[in-house]
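This report looks at how two protein chains meet.

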Protein chains: 2
Amino acid sequence: MRKKNQHDHTADQSLPKLGVRPYLDLMEKTASSDTNKHSAYMGLLMVWLSDNILDVVDVDLAAYNITESKFDLLLLLTLHEGKELITPSAIADRLGIRRASVTALLDWLEKRNWISREQSSTDRRMVHVRITTEGRALVEAVLPTFWSTCSSLVSELEPDEQQVFEKVLIKLNSVIENRLGVGK
Amino acid sequence: MRKKNQHDHTADQSLPKLGVRPYLDLMEKTASSDTNKHSAYMGLLMVWLSDNILDVVDVDLAAYNITESKFDLLLLLTLHEGKELITPSAIADRLGIRRASVTALLDWLEKRNWISREQSSTDRRMVHVRITTEGRALVEAVLPTFWSTCSSLVSELEPDEQQVFEKVLIKLNSVIENRLGVGK
DNA sequence: AAAATGAAATTAGATTATCTAACTACATTG
DNA sequence: CAATGTAGTTAGATAATCTAATTTCATTTT
């Protein structure tokens, strides 16, 4: 998990903030000659930003005692609700994790009564997973904050920046999803 | 940890890819009225992208049997090398985790001979942490790939997109670092 | 200077999110 | 109907975190 809870009453001595410079110097010395340094720099910024963004989301969800993976799963159930039979295998597939990991997530969610499992009557190996009324209530409680957090992430951008940024996000997402072989 | 190793020989039945639409519909119904929906949509894309970006980095580093957190720590040691006395407390502070967590990371790295600990002679409560020759060799082996991966993240963008994107990244990073109270 | 306070690191024990391998129950197929 | 394969779970592991307690020093206060 990526949890960062901050601050003991610590540390007299502390390390100065480095900023980006030393990373660039290091890159100068260690990047292969066929790597575009300016792109690499932007990539580095993106990695840092990604880390921070997920932290913000975690902090946000923590207030509801749920983590991103689990919330993701509830959202998935919400969105497929009524349309298709949702099994642990299908969930594993979609989330890109193993069935055993899904079992663990479901155990946790079921203990809190946010999902239910029911054996399929047509194929008794399979389990039908559903979000419960309580689960739905949780999702509905979380979503307004979640959307507002999402929105706050980009709210500082100027309209013209937003415009380009949207195109960029869509492009990068599609490139990277192909690369990883995933997709929401 | 965010590890996603993909694919059992699984799942006959599978869930259709949803794409962005159902999320937007849900947002319509569940976002607070003072949330800018278009920004929220972009924020959502950013969260997805962040997830994927960290996965790419993980996959990359996995080849060297090291994870992002641990590599981060080695990088930190590399960049402060010789300049300041690096203690577990200072590391905890910088990484935004507890001292106890740092102890665990250091134990792991020390076992592999990538860092060393030495008691400070001036204040015997403190420990001086240093990257070893082997540690440095590892970092040097990883970095070329790492930079090239960073670069590959944005390489599909057009020059004009890159230009705006860079400004955006810098802005977002600074906004979010203020918000979280962190910084590299 | 002895006692109290506080800081640095570690230890112990917990939780979350993963994994692999093995197992059980069932279904399909040859 | 025996063999093979699939769905889900269990068991046991690792990683990254946490809190609380403990140890060892250093500093401050009386």
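The sections below go from the interface to single residues.

## Model and interface size

This is a predicted model. Chain A puts 99 residues into the contact, and chain B puts in 99 residues. Between them, chain A and chain B bury an area of about 9,900 Å². Carbon and sulfur atoms give 66% of that area. On the side of chain A, L15(A), W147(A) and K184(A) lose the most area to chain B. Together these three account for 9% of what that side buries.

The count of residue pairs in polar contact between chain A and chain B is 16, with both residues at pLDDT 80 or more. Six helices of chain A each supply at least two residues to the side that touches chain B: α1 (21–30), α2 (37–62), α3 (68–80), α4 (88–95), α6 (133–154) and α7 (159–180). Of these, α2(A) gives the most, with 20 residues. By residue type, that side of chain A divides into 50 nonpolar, 28 polar and 21 charged residues.

## Salt bridges across the interface

How many salt bridges does the structure hold over all chains? The total is 20. Across the interface of chain A and chain B, the rule finds 6. Side chains of opposite charge can pair when their charged atoms come close.

Take K171(A). Its side chain meets that of E158(B) in a salt bridge, at 3.6 Å from N to O. K171(A) sits in helix α7 of chain A, while E158(B) sits in the loop between α6 (133–154) and α7 (159–180) of chain B, so the pair joins two chains. K171(A) is partly exposed, at 24% relative accessible area. E158(B) is also partly exposed, at 41%.

Is E161(B) buried or exposed? E161(B) is buried, with a relative accessible area of 3%.

K171(B) pairs with E158(A). Their closest N and O atoms are 3.6 Å apart. Both residues belong to a network of salt bridges that links E158(A), E161(A), K167(B) and K171(B).

## A salt bridge within chain B

R136(B) and E81(B) form a salt bridge through their side chains, at 3.2 Å from N to O. R136(B) lies in helix α6 of chain B. E81(B) lies in the loop between α3 (68–80) and α4 (88–95) of chain B. The two residues are 55 apart in sequence, so the pair ties together separate parts of the chain.

How accessible are the two partners? R136(B) is partly exposed, at 31% relative accessibility. E81(B) is partly exposed too, with a relative accessible area of 31%.

## Cysteines

How many disulfides does a search of the whole structure find? The search over all chains finds 0. C150(A) is buried, with a relative accessible area of 1%. C150(B) is buried as well, and its relative accessible area is 1%. Both values fall below the 20% that marks a buried residue.

Most residues other than glycine have a negative phi.

N65(A) is found in the loop between α2 and α3 of chain A. Its relative accessibility is 59%, so N65(A) counts as exposed.

Where does N113(B) lie? N113(B) is in the loop between α5 (99–111) and β1 (115–119) of chain B. With a relative accessible area of 40%, N113(B) is partly exposed.

Technical notes: Residues are numbered from 1 along each chain as its sequence is written. Chains are lettered from A and ligands numbered from 1 in the order in which they are written. This is a predicted model: local features need pLDDT of at least 70, side-chain atom pairs count only at pLDDT 80 or more; totals for chains, interfaces and linings use all residues. Side-chain values use heavy atoms; hydrogens and water are left out. Contact means heavy atoms within 4.5 Å. Buried area is the accessible area (1.4 Å probe) that two parts lose on being put together, summed over both. A salt bridge is a side-chain nitrogen of Lys or Arg within 4 Å of a carboxyl oxygen of Asp or Glu. A polar contact is a pair of N or O atoms within 3.5 Å; within protein, one must be able to donate a hydrogen and the other to accept it, and residues adjacent in sequence count only if both atoms are side-chain atoms. Helices (H or I, at least four residues) and strands (E, at least two) are DSSP runs, numbered from the N terminus. Ala, Val, Leu, Ile, Met, Phe, Trp, Tyr, Cys and Pro count as nonpolar, Asp, Glu, Lys and Arg as charged, and the others, Gly among them, as polar. A disulfide is a pair of cysteine sulfur atoms within 2.5 Å. Buried means under 20% relative accessible area, exposed over 50%, partly exposed in between (1.4 Å probe, protein chains only).
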